[in-house]
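Hi,

Here is the structure I promised to pass on to you. Have a look at it first, and then read my notes below.

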Amino acid sequence: MARKSPQPRRIGILTSGGDCPGLNAAIRGVAKAAISHYGMRVFGIQDGFRGLVENRFIELDDRAVSGILTAGGTILGSARDKLAKMLIDGEKCDMAATAAENLKRHQVDCLVCLGGGGTQKNALHLHTATGFNVVTLPKTIDNDVAKTDITFGFNSAMNIATEAIDRLHTTATSHHRIIVCEIMGHSAGWLALGSGMAGGADVILIPEIPYDLGKVAEHLIERRRHGKRFSIVAVAEGAMSVKEAQALSMLSKKELKELEAKKIRKVESGEIHLVEEPKASRLARQLQQLTGTEARVTSLGHVQRGGSPSPYDRLLCTLLGTRAAELIAARHFNVMVAIKGDHAEPVPLKEVAGLCRRVPADHPWIHSARLAGASFGG
Ligand code: F6P
């Protein structure tokens, strides 16, 4: 009779990509269940896949993960590295073999990776290139990881952005202004849509629905005709006009990448050059011109990623983290733990990595926001 493989004795855990509220709560969930319930040893890896390749491991005992449920950021640190193309001495190298060697050196049997789209790809690459076992959790304020109902971090960020929109309302009302509020989300507009709806924004612009600037201006003028002397425009970082969307659709992948690189603020000889005017500023300027109403711009930026997780995210992270430990104990590897209704369920990692969950055009939130009077400019 074939012998059953034993339960893993040691696991590793890392956080990778942009941070978000809830990472510590998820680390705690995994570690508490793994240590107390399954008798495993847990090793934290610093600064994501970079720390994994550089062999920066620290043991996390029960004390190390106590009191971190409410703490923002990540006690492990995070970084944006591609495991298959890691920059080492200026060259892009596939570091999967080194990563697996380091994990084996610490006798780790499974690596838990907490991250968004890039992290899911890194984890799958580690597994396919070396056979090493991984389990991932879906993290990002963008809420754009495939095959899960929601990602952790999203709810906290939505609360922050909604509060900001609430505050912008009072000042916009006092000064009879248009305020354009830029919200994170390059490829997916979940955060702008969710906080825009919850904060009662008058215009919501998301990457999934290219907008017609004329229609946006017309909506704002129409509001003024109805005696509403202020307006809030919630715009996702990645939102674009119909013209921009058409122009971009003509470009090759290479040309798109080059364009992206050009938009970055360049630091040259110690000085920062803004290569292109930020989208939200341009939009505010254009709307001021078209409507004749004074416009201002607020970019929420990394404020949305900071601070303590919301109660909902703490709950989600505990559910996801403890489920990850449970799955590892049962040797159920190479999956992402996804939220499906009230449950945390495994989904094969290969069905997740490389995909981006964007807002579908027929999503009930969009339908409802339109019925409540918001314009998407298209
Ligand atoms: O991926 C999450 C995210 O917050 C995006 O919404 C945003 O575009 C990006 O990270 C910003 O990343 P960085 O921290 O590298 O500036």
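**What I found**

Asn122 has a relative accessibility of 6%, so Asn122 counts as buried (buried is under 20% relative accessible area, exposed over 50%, partly exposed in between, with a 1.4 Å probe and protein chains only). Before going on, please note that this is a predicted model, where local features need pLDDT of at least 70, side-chain atom pairs count only at pLDDT 80 or more, and totals for chains, interfaces and linings use all residues. Residues are numbered from 1 along each chain as its sequence is written, and side-chain values use heavy atoms, with hydrogens and water left out.

Asn122 is part of helix α4, residues 117-130 (helices are DSSP runs of H or I, at least four residues, numbered from the N terminus). Apart from neighbours within four places in sequence, Asn122 has contacts with Ser16, Phe49, Asp81, Lys82 and Leu83 (contact means heavy atoms within 4.5 Å).

Now to the ligand. Around the ligand are Arg80, Ile141, Asp142, Met184, Gly185, His186, Glu237, His302 and Arg305, each with a heavy atom within 4 Å of it. The protein buries 72% of the 400 Å² that the ligand exposes when taken alone (accessible areas come from the Shrake-Rupley method with a 1.4 Å probe; for residues, only the protein chains shown count as cover).

Happy exploring!

Definitions and conventions
Helices (H or I, at least four residues) and strands (E, at least two) are DSSP runs, numbered from the N terminus.
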